[in-house]
Amino acid sequence: QVAYMCGMLASGWLIDRIGTRRGLAIAICLWSVAAMLHAEAPVIGSAVQGALGSLGLTMSASVAGFALCRVLLGLGEAAIFPGSVRSIAEWFPQKERALATGLFNAGTNIGALATPIILWAALPFFRR
């Protein structure tokens, strides 16, 4: 959550400085790389363990690597809201901005709804 919060502040500033398209492109790249790095969390964690140990924190390599990947994921994902709001301000007339904001915010909840729907749809295959 701290990484997400810091990511929103940093990405809002970055998007204002370099533009919406470039800022969101950087965020998508960071988010994608962070998502892929989860597969290598134990390897990454070995390098992170030393830095955490110097701060007095001890944890396994896989937990340390996973934590770092989650921080990077939060930093990349956080740009979606500032970037989306900026895109709406640039592309939609003032009278349509509330609807556009409502649509992209509603879209963020589709992922949460997808899991129960997929489980319900797959249930007949588990009963065989």
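Buried here means under 20% relative accessible area, exposed means over 50%, and partly exposed is what falls in between (1.4 Å probe, protein chains only).

A word on the model: it is predicted, so local features need pLDDT of at least 70, side-chain atom pairs count only at pLDDT 80 or more, and totals for chains, interfaces and linings use all residues. Residues are numbered from 1 along each chain as its sequence is written, and side-chain values use heavy atoms, with hydrogens and water left out.

Back to Ser-11, which sits in helix 1 (residues 2-18); helices are DSSP runs of H or I with at least four residues, numbered from the N terminus. Its side chain reaches the backbone oxygen of Met-8 at 3.3 Å. Setting aside neighbours within four places in sequence, Ser-11 is in contact with Ala-78, Ala-79 and Pro-82, contact being heavy atoms within 4.5 Å.

Now the largest nonpolar core: Ile-44, Val-48, Leu-52, Ala-64 and Cys-69. Such a core is a set of buried Ala, Val, Leu, Ile, Met, Phe, Trp, Tyr and Cys residues joined through side-chain atoms within 4.5 Å. Helix 3 (41-54) and helix 4 (61-77) each supply at least two of its residues, and helix 3 gives the most, with three.

On to the cysteines. There are zero disulfides, a disulfide being a pair of cysteine sulfur atoms within 2.5 Å.

| Cysteine | Relative accessible area | Nearest cysteine sulfur |
|---|---|---|
| Cys-6 | 36%, partly exposed | Cys-69, 18 Å |
| Cys-69 | 1%, buried | Cys-29, 17 Å |

How values were computed: A polar contact is a pair of N or O atoms within 3.5 Å; within protein, one must be able to donate a hydrogen and the other to accept it, and residues adjacent in sequence count only if both atoms are side-chain atoms.
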